[in-house]
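Colleague: Hi! I'd like to get to know this one before class. Can you walk me through it?

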Number of protein chains: 2
Amino acid sequence: MTPGQPFLCFDADDTLWHNEDAFAEAHRKFAALLADYHAPETVESTLYATEKRNIPIYGYGCKGFTLSALETAVELAGDTMSSREVRALLTICREMLLEPVRLLPGVEETLRHLAARHPLALLTKGDLAHQENKLRASGLMDLFTRHAVISEKDEETYRRMLVLWGVEPSDFVMIGNSIKSDILPVLALGGRAIHIPYPLTWQHERAEVPENHPRFTLLDSMARLPAWVDAYLASAAKR
Amino acid sequence: MTPGQPFLCFDADDTLWHNEDAFAEAHRKFAALLADYHAPETVESTLYATEKRNIPIYGYGCKGFTLSALETAVELAGDTMSSREVRALLTICREMLLEPVRLLPGVEETLRHLAARHPLALLTKGDLAHQENKLRASGLMDLFTRHAVISEKDEETYRRMLVLWGVEPSDFVMIGNSIKSDILPVLALGGRAIHIPYPLTWQHERAEVPENHPRFTLLDSMARLPAWVDAYLASAAKR
């Protein structure tokens, strides 16, 4: 990559396309499924505890969610559990995996505009097959010169990807909706981070928004990104 | 990478460490679990049909296997299925995911020997979190200058990785146990492929061994690889 040129790297779920709303809907269906046995709040808190405990071995994504939901169902429904719950959970999983990609507003136009001017990359965590299927189905794949699905978005993994891609941390600009995964580790390694919030945030991804950090920017929509890039280039030219 | 130098790239499951024997054991446990309802052959053939059908959406690995096994159990046991089967399958999945890495004979010494002389890479398909956990636990991670988990080992994906890694196809040497995934696509794109068979092959990975292909080599053990590399370098020096 050309030093001094911004290397724009995008998160995928809830940054380019909707995702968390489908998980929220799956959680609601799961609570309804176990409504005969426990209150929705109990189902939800038990499921989250199970998911959190299983992330180190399952990783992120729909398949791990479904296995954790099955474990929760066994725990909460016990011997009254039947093939009905299993069937319903497998259907919820399949529907999430097969759901068409729903791009967020402004994403396609913005990415096409930027891709004609800069190399773009995509860095996402989650289920490998599902993320790649979504990227292929999104129609956006050809706009990225680099893309990778990683198992955790921590500082170490970002560093490894920057070395692999030949990008200096000072040129790296990460754009995403998760303060925990897209913003904090990138600021820590010396990159720039642009937060475009999504209306819903999974509790596992919640973190404090950095205050007055010189390399942090909050944008309310993807459509504002080209103006940010222009301002960044103008300011870099003056330095 | 230096042109003309071999770029040695290793498959992981059943090439560096045991894997298929654990899946075979999981299949046996699953057949035993459903022994009250159906003959082991019926269980096995229904499971394989379900797995094969689900690979495009689940991808490879233990979590997809477990979800396919649950789907098969619902299909074969129907309403007689209970929390017992679910619990047992979740335990089988967890045991596979938490099983310590068992390196194959000669792997560690051979890789240490080669890593001191050449850049090594690792390219594996399967469950992202599980593959990365195994690589970390193997003690071999630092020996690889490049590693990636990919969703499918087809010619297109190999080409993409070679571009990303800056490797010429003619310098690429893939070492693995699967004719279908490690050998045929690499030969097709102009690379060299070294087949080190594993005693068990999942039926999805079975394919014809190439006959008399000039860039194909069969080795009976990883320990023979350094001699092959020396011979390759000697022959390259003469060209």
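Modeller: Happy to! A residue is called buried when its relative accessible area is under 20%. Also keep in mind that this is a predicted model.

Colleague: Okay, so is B:Asp14 buried or exposed?

Modeller: B:Asp14 has a relative accessible area of 7%, so B:Asp14 is buried. You'll find B:Asp14 in the loop between β1 (7–10) and α1 (20–33) of chain B.

Colleague: What is phi of B:Asp14 near?

Modeller: Phi of B:Asp14 is near 70°, which is a positive value in a residue other than glycine. A:Asn212 has a positive phi too, near 55°, and A:Asn212 is not a glycine either.

Colleague: Where does A:Asn212 lie? And is A:Asn212 buried or exposed?

Modeller: A:Asn212 lies in the loop between β5 and β6 of chain A. Its relative accessibility is 75%, so A:Asn212 counts as exposed.

Colleague: Let's talk about the sheet. In what order do the strands of chain A come?

Modeller: The order is β3-β2-β1-β4-β5-β6 in chain A, six strands that form an open sheet with parallel pairing. At the edges are β3 (146–150) and β6 (216–218) of chain A, each pairing on one side only. On average, neighbouring strands of this sheet are turned by 20° against each other, direction ignored.

Colleague: Which helix packs on that sheet?

Modeller: Helix α9 (residues 225–238) of chain A does, touching β1 (7–10), β4, β5 and β6 of chain A. The direction of α9 makes about 155° with that of β5(A).

Colleague: Can we zoom in on β5? How many bridges join β4 to β5 in chain A?

Modeller: Four bridges join strand β4 (residues 172–176) to strand β5 (residues 192–195) of chain A, and the two run parallel. For example, A:Met174 has A:Ala193 in β5(A) as its bridge partner. A:Ile175 stands opposite A:Ile194 in β5(A).

Colleague: How does the chain cross from β4(A) to β5(A)?

Modeller: The chain goes through helix α8 (residues 179–188) of chain A, and this β-α-β crossover is right-handed.

Colleague: And what about β5 and β6 of chain A, how many bridges there?

Modeller: Three bridges join β5(A) to β6(A), which run parallel. A:Ala193 turns up again here, with A:Phe216 as its bridge partner in β6(A).

Colleague: Which way do the β5(A) side chains point?

Modeller: A:Arg192 and A:Ile194 point one way, while A:Ala193 and A:His195 point the other way. All of these residues are buried. In a regular strand, side chains alternate between the two faces of the sheet.

Colleague: How many residues are in contact?

Modeller: 39 residues of chain B are in contact with 39 residues of chain A. The area buried between the chains is about 3,400 Å², and carbon and sulfur atoms give 61% of that.

Colleague: Which three residues of chain B supply more of the buried area than any other three?

Modeller: They are B:Ile57, B:Lys63 and B:Leu128, which supply 18% of the area that chain B buries against chain A.

Notes:
Residues are numbered from 1 along each chain as its sequence is written. Chains are lettered from A and ligands numbered from 1 in the order in which they are written. This is a predicted model: local features need pLDDT of at least 70, side-chain atom pairs count only at pLDDT 80 or more; totals for chains, interfaces and linings use all residues. Side-chain values use heavy atoms; hydrogens and water are left out. Two strands pair if DSSP finds at least two bridges between them. Axes are lines fitted to C-alpha atoms, for helices over the stretch in contact, and angles run from 0 to 180 degrees between N-to-C directions. Contact means heavy atoms within 4.5 Å. Buried means under 20% relative accessible area, exposed over 50%, partly exposed in between (1.4 Å probe, protein chains only). A crossover is right-handed if, with the strands pointing away from the viewer, the path from the first strand over the helix to the second runs clockwise. Buried area is the accessible area (1.4 Å probe) that two parts lose on being put together, summed over both.
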